[in-house]
Amino acid sequence: MRSIFTLFLLTFLGVFTMQGQKVVALHSPTNGVEFFESDIAFQEAYNAAVAGDTIYLSGGTHFPPTLVDKQLTIFGTGHNPDATSATFATLISGNFALGDNADGFYMEGVEIGGSLYVGNATNVPVDNVTIKRCKWTSLYGQGDGSTPSLNNVFIENVIGSIYDIRNMRSCTFMNNILEGTLSYNLISLSFINNVFNYSYPGSSSAQVIGYANACLFKNNIFLQENNDICEGTGSSTWINNIFCTSTTNPSLGLDPTLVNNYFMSRANVLVNQTGTTYDYTHDYHLQATAAANLGDDGTETGVYGGFYPWKDYSIPINPHISSKTISGATDENGFIQIDINVHAQDN
């Protein structure tokens with residue numbers, strides 16, 4: 001039944017996006033479907049929502065609530081321009097902040113114009129959050145760890161930088177593309193099948209990761225070409241990663257545990273990738289030589305391996321409108337001709 005509701009909502013939103021209107025649909029298991037159409041439609045849908053509801057954002061730019069403090073599910077149309085030509089991409093303007101009551105929050109298929117805050121203030125815990133196939137500039141989860149955010153998962157995202165997540169523990173980053181540096185302390189976090197784009201060309205200290213203590217780094221690709229990968233005061237574990245450093249002894253923090261890591265030239269790793277900024281025209285598949293360097297699970301290192309292989313075009317799991325044609329006038333019977341192609345998604 002949920003898939004039928006989703007198909008209806010996405011088709012409806014697709015029609016209105018074609019007409020240049022931004023519409024938000026609120027689906028409540030108890031109250032049914034409600035539509036909002038205004039410059040602040042997202043905020044209006046949020047105000048009407050209760051914990052457990054789902055919000056569907058059409059393509060276009062949406063202005064978010066100042067704080068999202070409810071357990072909600074949010075779907076957009078995606079952020080890849082090639083996949084959203086029929087609907088436009090979904091953009092959330094400015095920053096997006098999750099409050100203390102947003103435990104269990106799920107969001108997929110949106111671009112955040114600013115930063116993502118998991119916890120809107122220092123030491124505010126937000127647990128069991130999933131952010132998937134989204135794109136944003138910086139990630140924050142500030143605090144000293146006295147009341148940490150736990151068990152948050154970030155999957156197949158494009159992340160500009162991870163600036164301050166000292167208040168996150170036991171959180172996992174899988175199959176993401178990370179453009180910038182990871183600052184401040186990373187404590188008891190897992191990074192699996194990611195690509196770290198950052199590479200400082202000089203020989204002076206410019207670590208990809210500021211500090212990592214008791215973290216797990218597994219099946220990742222580090223494109224940094226000098227030897228400054230990471231500092232840290234506690235041992236982290238590094239398993240089956242590809243490093244593009246100039247030596248086989250890069251800086252990986254105090255007393256690292258190293259298992260079956262690979263060292264190779266950056267030019268021989270990815271099919272087509274340059275610089276640090278994510279580009280939709282780049283190809284993050286591995287070249288043949290690099291593809292022989294498998295992760296510890298037998299799949300390839302980087303974003304196309306592991307439990308969540310990167311989905312090309314970052315299309316969210318809700319039904320995808322690939323094309324649509326809407327006539328500009330009615331026929332002799334007063335009907336408007338509408339042709340919309342919608343494809344169900346397997347994952």
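In which sense do strand β17 and strand β20 pair, and over how many bridges? Hold that question for a moment. This is a predicted model.

Let me start with the whole chain. The protein chain has 3 helices and 34 strands. It has 347 residues, and buried residues make up 54% of them. Now take the contacts between residues at least 6 apart in sequence. Of those, 45% join residues at least 24 apart.

Next, the open sheet. It is formed by 12 strands, and the pairing is mixed. The order is β2-β1-β3-β5-β8-β11-β14-β17-β20-β23-β26-β29. At the edges sit β2, residues 32-37, and β29, residues 257-259. Each of these edge strands pairs on one side only. On average, neighbouring strands of this sheet are turned by 10° against each other, direction ignored.

Back to my opening question. Strands of a sheet pair through backbone hydrogen bonds, either parallel or antiparallel. Strand β17, residues 172-174, and strand β20, residues 190-192, pair in the parallel sense over 3 bridges. To find one of them on your screen, go to Thr172. Its bridge partner in β20 is Ser190.

Parallel pairing also turns up with β22, β25 and β28. Strand β22 is joined to strand β25, residues 228-231, by 2 parallel bridges. Here Ile209 has Cys230 in β25 as its bridge partner. Then β25 is joined to strand β28, residues 251-252, again by 2 bridges and in parallel. Asp228 has its bridge partner in β28, and that is Ser251.

Now a helix. What does helix α2 lie across? Helix α2 covers residues 41-48, and it lies across β1, β2, β3 and β5. It runs at about 150° to β2. Its buried residues are Ala41, Phe42, Ala45 and Tyr46. Seen down the axis of α2, they fall within an arc of 135°, so they line one face of the helix.

On to the loops. Most residues other than glycine have a negative phi. Ala214 has a positive phi of about 55°, and it is not a glycine. Look for Ala214 in the loop between β22, residues 209-213, and β23, residues 216-218. Is Ala214 buried, exposed or partly exposed? Its relative accessible area is 48%, so Ala214 is partly exposed.

Tyr313 is another case. Its phi is positive too, at about 75°, and Tyr313 is not a glycine. Tyr313 sits in the loop between α3, residues 288-291, and β33, residues 320-326. With a relative accessible area of 46%, Tyr313 is partly exposed.

Now step along to Ser314. Ser314 is also in the loop between α3 and β33. Why does Ser314 count as buried? Its relative accessibility is 2%, so Ser314 counts as buried, because the cut-off for buried is under 20%. What does Ser314 touch, leaving aside its neighbours within four places in sequence? Ser314 is in contact with Gly78, His79 and Arg133.

One more loop residue, Ala121. Ala121 lies between β10, residues 116-118, and β11, residues 130-132. Ala121 is partly exposed, with a relative accessible area of 34%. In sequence, Ala121 and Gly99 are 22 residues apart. In space, C-alpha to C-alpha, they are 8.3 Å apart.

Last stop, the largest pocket. How much space lies in it? The answer is about 210 Å³. The lining has 14 residues. Those nearest the centre are Tyr280, His282, Tyr304, Asp312 and Tyr313.

Strand β32 has a covered face with Tyr284 and Leu286. Its uncovered face has Asp283 and His285.

Strand β32 also has a partner. Strand β31, residues 270-272, is joined to β32 by 2 bridges, and the two run antiparallel. Asn272 has Asp283 as its bridge partner in β32. Asp283 is on the uncovered face of β32. That is my tour.

Conventions:
Residues numbered from 1 in each chain as written. Predicted model: local features only at pLDDT ≥ 70, side-chain atom pairs only at ≥ 80, totals over all residues. Heavy atoms only, no water. Helix = DSSP H or I, 4+ residues; strand = E, 2+ residues; numbered from the N terminus. Buried < 20%, exposed > 50% of the residue type's maximum accessible area, 1.4 Å probe, protein only. Pairing = 2+ DSSP bridges. Axes fitted to C-alpha atoms, helices over the stretch in contact; angles between N-to-C directions. Contact = heavy atoms within 4.5 Å. Arc of directions from axis to C-beta. 1 Å grid on protein atoms, 1.4 Å probe; cavity = no way out; pocket = protein on both sides within 12 Å on 5 of 7 lines; lining within 4 Å. Points joined across faces, edges and corners; volume = space filled by probe spheres on them.
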